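Q: I'd like to learn how to read a structure by its local features. Could you take me through one, step by step?

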Amino acid sequence: MSLRLFLDSESAIPGEMLVEEKERSPMYDIPALMKRHDNGPVLVFNKVKGSSFKIVSGLCGTRNRIFRAIGADSQTYYSRIIDATNHPVPPILEESGPVTEVREKPDLMKLPVLTHYEKDPGPYITSGIVVARSPDGKFQNASMHRLLVLDRDHMAIRIVPRHLYALHQEAKKQGKDLQVAISIGNHPAVTVGANSGPKFGVDELGVANALLGGELKLVRCKHVDVKVPAESEIVIEAVIKKDKLVDEGPFVDLTGTYDIVRKQPIVEVVGIMRRKDPIYQAILPGGSEHKLLMGLPKEARMYDGITKAVPEVRGVRLTLGGSCWFHAAVSIRKQAEGDGKNALLAAFGSNPSVKHVVVVDEDINIDDVNEVEWALATRFQGDEDMIKIRKARGSTLDPSSDQEKILTTKIGFDATIPWNKAKEKFEKAKMPEK
Ligand code: MN
């Protein structure tokens, strides 16, 4: 269950893979192509300037590709993710695996790390799954973090106050650096698992293993007490220093705008293990892959939440235009006049980051923003069908909000057909079938 196996299966589907044989540079050149093909095929770069490694991107670049990777579709996706997060399966531990083929001294300069945008402070590793063991030894945690390469054996890591942050704080309290291993180049189901957001203490690699039907194998690292996917392409063994901070950023976040510069911890590399002929995995900051990996687990949670408030939810989409973070379209089968508004309340309640939500009837295709807009145009009245919530907790990522207090205004649009008017007035005109 490796990146390679997934590449093979994608290459068999017409239009799903583009292979570039011309030499391309990791500095702006490859990122520009990634941007051009955003939300499109997997890109494979066979000749990379200054490196013997190949580069692949877009593994999680479209909704359907992610669904194929975890054996789901747009209907079964939510339950796949929720079941896997609720019932993780411990991966199998092996003595060795493809990633242990080559063991090297720390040298990040050998990796074809990309520099993406004009104001970037340097090359950023964007597909690294950071695996850490809790200082009490009870569990492993896996999460994705951006890593700014500083020199041959140092990086800056952005750690938002979540699980890895808590483990780092705990290690610091004990006067220790936190041992970690950064896995690069994985089957997309592993990447989705690492981003699934289970409760603290639940191993995300166990979630990934559940998504892979129990096929995920781990190996021990040599220099740190951490177990990593045996079929990774590259693993960086490192420690997150307990006391050294450095400037991190500016970095383009999923909004496509620059995040601020912050003091963040330093990562010191202690070893690298890799395959003989590794494929380096890249994710474009602010691209569809970044957005979908962040947004899809939230979408599953929203589906779960809204299902508790209205009888039948047909689908929830955090739309790409809303950075898969701020805007949701929800399709319901309305059974009572107030269902649209209740769906809105549940949507806000189940995802604090979401800012604008549109609820539509089941005849509207929520994957088509033009249809959602059409529902707003023909089924919605601002004074009757809109709810506004002022000064609610929002997202630090929204530059239009009060970013100091993290307060925002949320607006819900009930664009379902009002039941006080004749239903025929709202029906889409049909053509007779042949
Ligand atoms: Mn966790």
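Q: Let's start with accessibility: is Asp225 buried, partly exposed or exposed?

A: Keep in mind that this is a predicted model. The general idea is that under 20% relative accessible area means buried and over 50% means exposed, with partly exposed in between. Asp225 has 40% relative accessibility, so it counts as partly exposed.

Q: Which residue forms a salt bridge with Asp225?

A: The general idea first: side chains of opposite charge can pair when their charged atoms come close. Here the partner of Asp225 is Arg133, and their closest N and O atoms are 2.8 Å apart. Arg133 lies in strand E7 (residues 129-133) and Asp225 in the loop between strand E12 (217-220) and E13, so this pair ties together parts that are 92 residues apart in sequence. Arg133 is partly exposed as well, with a relative accessible area of 29%.

Q: How many salt bridges are there in the whole structure?

A: A search of the whole structure turns up 32 salt bridges. One of them joins Glu233 and Arg4, with 2.7 Å between the closest N and O atoms. Glu233 sits in the loop between strand E13 (227-229) and E14, and Arg4 sits in helix H1 (residues 3-11), so the pair ties together parts that are 229 residues apart in sequence. As for cover, Glu233 counts as buried at 0% relative accessibility, while Arg4 is partly exposed at 22%.

Q: Which residues are linked with Glu248 in a network of salt bridges?

A: The network links Arg146, Glu248, Asp253, Asp259 and Arg262. Arg146 lies in the loop between strand E8 (140-144) and strand E9 (147-151) and Glu248 in strand E14, so the pair ties together parts that are 102 residues apart in sequence. Both Arg146 and Glu248 are buried, and for Glu248 the relative accessible area is 0%. E14 itself covers residues 234-248.

Q: What else does the side chain of Glu248 make a polar contact with?

A: The side chain of Tyr124, at 2.5 Å.

Q: On to helices. How many residues of helix H7 are buried?

A: A bit of background: an α-helix has 3.6 residues a turn, so residues three or four places apart point the same way. In helix H7 (residues 204-211), eight of the eight residues are buried, so the helix is largely enclosed by the rest of the structure. Those buried residues include Glu204, Asn209 and Leu211.

Q: What caps the N-terminal end of H7, and what follows the helix?

A: Asp203 does the capping: one of its side-chain oxygens lies 2.8 Å from the backbone nitrogen of Leu205. After H7 comes Gly213, with a positive phi near 65°.

Q: Now the backbone. Which residues have a positive phi although they are not glycine?

A: Most residues other than glycine have a negative phi, and most peptide bonds are trans. Among the exceptions here is Tyr28, with a positive phi of about 65°. Tyr28 is in the loop between strand E1 (17-20) and helix H2 (29-36), and at 39% relative accessibility it counts as partly exposed. Another is Lys391, whose phi is positive at about 50°. Lys391 is found in strand E20 and counts as exposed at 60% relative accessibility.

Q: Where is the cis peptide bond that involves Pro250?

A: The bond runs from Gly249 to Pro250 and has omega near 0°. Pro250 is in the loop between E14 and strand E15 (262-274).

Q: Back to charges. Which residues form a positive surface patch with Lys391?

A: Lys388, Arg390 and Lys405 make up the patch together with Lys391. Lys388 belongs to strand E20 (residues 386-393), and its relative accessibility of 54% makes it count as exposed.

Conventions. Residues numbered from 1 in each chain as written. Predicted model: local features only at pLDDT ≥ 70, side-chain atom pairs only at ≥ 80, totals over all residues. Heavy atoms only, no water. Patch = residues over 30% accessible without salt bridge, like charges linked within 9 Å, V, L, I, M, F, W, Y side chains within 5 Å. Areas by Shrake-Rupley, 256 points an atom, 1.4 Å probe, with all protein chains shown as cover. Salt bridge = Lys/Arg side-chain N within 4 Å of Asp/Glu carboxyl O. Lys, Arg positive; Asp, Glu negative; His and termini not counted. Charge placed at Lys NZ, Arg CZ, Asp CG, Glu CD. Helix = DSSP H or I, 4+ residues; strand = E, 2+ residues; numbered from the N terminus. Buried < 20%, exposed > 50% of the residue type's maximum accessible area, 1.4 Å probe, protein only. Polar contact = N/O pair within 3.5 Å; in protein donor to acceptor, adjacent residues only side chain to side chain.
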